[in-house]
Amino acid sequence: GGINAVAGGGTLLTFPALCAVLMRLHGGDADVAKVWANGTSTVALFPASLTALWGFRREFALYAHWARKLVVPSLVGGTLGATLVTQMPERIFAALVPWLILVAASLFALQPLIARRLGIGKPHEAPHGATVGGVLLFQFLVGVYGGYFGAGIGILMLSALAMMGLADIHAMNGLKSLLGSCINGSAVAIFIASGKVEWRLAGAMAVAACVGAYGAARVSRRLPRPLVRWFVIVVGFALAAYYFARG
């Protein structure tokens, strides 16, 4: 919860931990365990995204008017992505897991470079109609990916917001928390309806994630963000290598 609020990438930690436990609960079936781990992780981290939004509420007010444009594609994309996970055979998702983790870890590692290239944190001209349309489409695709797996959507959304001309990084984090809540909220509804959530684990994880998210959001300016970032990056690439080796 704290890592998601400050730097993103919490799914890279919760997903493999859940896979390890759910393998035991589902008779050693790795493919089924990965689908259940994805659903359980999404449900467990969803309340924390709302907590993080509350922590950034003052900064969020600066860009609240952009939410009206981006909420709908986030909801629709998240619903579609989660539906794909629950309707496709488990082996397809299991085969994609190492690639999804690798992409998410790479995006996270390249976040500073992407931020500089896109001018995140630097004001620029307000977008024209075509740019706004492109960002709406991009946000929809982020929603699909977020509903399907989710790790790494933070940097994708920050990139889209930078294209819109937003500059205040703390306000952008607040808006990112809202949009992430929309994506994950749609996915949560699908995962719950399809029965792909292990509630014995999700409940305790949700409480812990909320505490971590709220605390981290409040003290985010004083936390050693580079240390947190590199911890997540190392874990992400290690997990990708692990799943590739097993696959």
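Let me begin with the assignment of elements: helices (H or I, at least four residues) and strands (E, at least two) are DSSP runs, numbered from the N terminus. On that basis the protein has 12 helices and 0 strands, and the order from the N terminus on is α-α-α-α-α-α-α-α-α-α-α-α.

Two remarks on provenance before I go further. What you see is a predicted model, in which local features need pLDDT of at least 70 and side-chain atom pairs count only at pLDDT 80 or more, while totals for chains, interfaces and linings use all residues. Residues are numbered from 1 along each chain as its sequence is written, and side-chain values use heavy atoms, with hydrogens and water left out.

I call a residue buried when its relative accessible area is under 20%, exposed when it is over 50%, and partly exposed in between, with a 1.4 Å probe and protein chains only. Of the 247 residues in the protein, 52% are buried. The protein exposes about 11100 Å², and carbon and sulfur atoms supply 69% of that area, where the areas come from the Shrake-Rupley method with a 1.4 Å probe and, for residues, only the protein chains shown count as cover. As for contacts, meaning heavy atoms within 4.5 Å, residues 24 or more positions apart account for 84% of those with a separation of 6 or more.

Next, the aromatic pairs. Rings of Phe, Tyr and Trp (its six-membered ring) pair if their centres lie within 6.5 Å, and planes under 30 degrees apart count as stacked, over 60 as edge-to-face and the rest as tilted. The structure holds 2 aromatic pairs.

Since W99 lies in helix α6 and F244 in helix α12, parts that are 145 residues apart in sequence are tied together by it. Here W99 is exposed, with a relative accessible area of 51%, whereas F244 is partly exposed at 33%.

Let me turn to single residues. Setting aside residues up to four places away in sequence, K176 touches N4, G154, M157, L158 and L161.

V207, by contrast, belongs to helix α11 (residues 199–218) and is exposed, with a relative accessible area of 55%. Its C-alpha atom is separated by 8.2 Å from that of A48, 159 residues apart along the chain.

In helix α6 we also find A94, which is buried at 7% relative accessibility. A94 touches D31 and K34, not counting residues up to four places away in sequence, and the C-alpha atoms of A94 and D31 are 5.2 Å apart in space although 63 residues separate them in sequence.

Finally, the second largest pocket. A pocket, on a 1 Å grid over the protein atoms alone, is an open set of points where a 1.4 Å probe fits, with protein on both sides within 12 Å along at least five of seven lines, and lining residues have an atom within 4 Å of a point. Grid points are joined across faces, edges and corners, and a volume is the space filled by probe spheres set on the points. About 250 Å³ of space lies in the second largest pocket. It is lined by 15 residues, of which A30, K34, Y242, Y243 and R246 are the closest to its centre. At least two lining residues come from each of α2 (11–25), α3 (30–55), α6 (90–109) and α12 (225–246). By class, the lining divides into 12 nonpolar, 1 polar and 2 charged residues, where Ala, Val, Leu, Ile, Met, Phe, Trp, Tyr, Cys and Pro count as nonpolar, Asp, Glu, Lys and Arg as charged, and the others, Gly among them, as polar.
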